[in-house]
Amino acid sequence: MPSTSTSASQPLLLDELEAVIWDYNGVLGLQPTPDMWSRLAVLAGWPATHTDNFMQAFWSRRAAYDAGTLSDYAFWRDLVRGGREAAPGSELLAALRTVDTQMWTHTDPSVLEVLHRAHAVGVPMTLLSNAPLPLASALDDTEWCATLMSGTVYSARIGVNKPEDRAYEAALAAAGWPVPGRTLFIDDKPDNIEAAARLGMRTLHYCGDAVELASRLPQAAVIQTAPAA
């Protein structure tokens with residue numbers, strides 16, 4: 001594959017694109033609120049006042065869970081406190097899995113509108129996300145994913161996280177092997193952007209401005225969107 005990329009600093013024409021590969025969390029997906037984090041911490045047996053400590057412990061194990069090398073039981077086993085045990089098949093483990101998944105499934109309506117407008121003019125789109133298996137299944141079940149994405153790739157299903165090359169190669173395969181130089185990759189994390197660029201993809205570092213995002217993509221003038229999932 002080519003070793004250089006072109007940043008999407010200018011609007012891209014539809015005939016310049018063979019595929020757009022989207023990150024989920026931090027682009028389309030909204031970050032969990034402090035209340036959501038506190039609810040999960042308390043469910044895991046941590047005092048609400050220790051939510052920051054819970055989050056540190058959570059993130060220290062998350063990469064392995066996202067990559068599918070930890071089961072949900074193994075992920076939660078050493079995170080629960082207060083004498084609780086999230087044993088396989090237990091109600092607590094099921095509740096932790098559900099609450100964790102739900103807090104990552106809220107989407108940004110402004111970005112969702114950009115996707116709908118791009119889809120309306122025929123932009124082919126694929127989702128590439130670092131996500132554990134429960135979240136992957138939840139995202140695939142959303143209306144927007146079924147409607148807008150031609151394919152989805154999740155780290156837990158392929159056994160590797162971004163920014164590893166194999167994650168991007170899996171997304172290119174899911175998109176039908178477009179030419180990297182005619183593929184736009186959108187993500188909010190610089191290391192993920194840099195990895196895609198090394199593989200020759202065009203890149204767009206998303207920093208939270210949906211208006212700017214829309215200006216970089218072919219867009220239908222008007223479209224009626226479905227409610228966010």
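What covers the buried residues of H2? In this predicted model, the answer includes helix H1 (34-43), helix H3 (72-77), helix H4 (91-102), helix H6 (133-140) and H8. The legends below begin with this helix and then turn to other parts of the chain.

**View 1**
A kink of about 35 degrees is present in H2, with its centre on Ser 60. Thr 51, Phe 54, Ala 57, Phe 58, Arg 61, Arg 62, Tyr 65 and Asp 66 are the buried residues of H2. An α-helix has 3.6 residues a turn, so residues three or four places apart point the same way. Just after the helix, Gly 68 adopts a positive phi of about 80 degrees.

**View 2. Arg 62, a buried residue of helix H2.**
Is Arg 62 buried or exposed? Arg 62 is buried because its relative accessible area is 4%, under the 20% limit. Its position is in helix H2. Apart from its neighbours within four places in sequence, Arg 62 is in contact with Phe 75, Asp 100, Trp 104 and Pro 132. Of these partners, Phe 75 belongs to the contacts of Arg 62, and helix H3 (72-77) is among the elements that cover the buried residues of H2.

**View 3. The crossing of helices H1 and H2.**
The axes of the two helices come within 9 Å and cross at roughly 80 degrees. H1 and H2 are therefore roughly perpendicular to each other. On the H1 side, the contact is made by Trp 37, Ser 38, Leu 40 and Ala 41. On the H2 side, Thr 51, Phe 54, Met 55, Phe 58 and Trp 59 take part. Among these, Thr 51, Phe 54 and Phe 58 are also buried residues of H2.

**View 4. The packing of helices H1 and H4.**
The axes of H1 and H4 lie 10 Å apart, and the helices pack at an angle of about 170 degrees. H1 and H4 are therefore roughly antiparallel to each other. Arg 39, Leu 40 and Leu 43 of H1 meet Leu 92, Ala 95, Leu 96, Val 99, Asp 100 and Gln 102 of H4. Leu 40 also takes part in the contact between H1 and H2.

**View 5. Arg 39 in helix H1.**
With a relative accessibility of 53%, Arg 39 counts as exposed. Not counting residues up to four places away in sequence, Arg 39 touches Val 99 and Gln 102. The C-alpha atoms of Arg 39 and Thr 51 are separated by 8.9 Å, and these residues are 12 residues apart along the chain.

**View 6. Asn 161 and the loop between H8 and H9.**
Which backbone atom of Ala 63 lies 2.9 Å from a polar atom of the side chain of Asn 161? It is the backbone oxygen of Ala 63. Asn 161 counts as buried, at 14% relative accessibility. Leaving aside neighbours within four places in sequence, the contacts of Asn 161 are Ala 63, Asp 66, Ala 67, Asn 130, Ser 155 and Ala 167. Pro 163 is found in the loop between helix H8 (155-158) and helix H9 (165-174). The peptide bond from Lys 162 to Pro 163 is cis, with omega near 10 degrees.

**View 7. Trp 177 in the loop between H9 and strand S4 (183-187).**
Trp 177 is not a glycine, yet it has a positive phi of about 55 degrees. Most residues other than glycine have a negative phi, and most peptide bonds are trans. At 52% relative accessibility, Trp 177 counts as exposed.

**View 8. Helix H10 (residues 190-198) and its buried residues.**
Asn 192, Ile 193, Ala 195, Ala 196 and Ala 197 are buried in this helix. Their cover includes H9, S4 and strand S5 (202-205). Just after H10, Gly 200 has a positive phi of about 95 degrees.

**View 9. Cys 207 in the loop between S5 and helix H11 (210-215).**
Cys 207 is exposed, with a relative accessible area of 64%. Although Cys 207 and Val 27 are 180 residues apart along the chain, their C-alpha atoms are separated by 8.2 Å.

Definitions and conventions
Residues numbered from 1 in each chain as written. Predicted model: local features only at pLDDT ≥ 70, side-chain atom pairs only at ≥ 80, totals over all residues. Heavy atoms only, no water. Helix = DSSP H or I, 4+ residues; strand = E, 2+ residues; numbered from the N terminus. Buried < 20%, exposed > 50% of the residue type's maximum accessible area, 1.4 Å probe, protein only. Polar contact = N/O pair within 3.5 Å; in protein donor to acceptor, adjacent residues only side chain to side chain. Contact = heavy atoms within 4.5 Å. Bend = angle between axes of the 7 residues up to and from the residue. Axes fitted to C-alpha atoms, helices over the stretch in contact; angles between N-to-C directions. Parallel < 35°, antiparallel > 145°, perpendicular 65-115°, else oblique.
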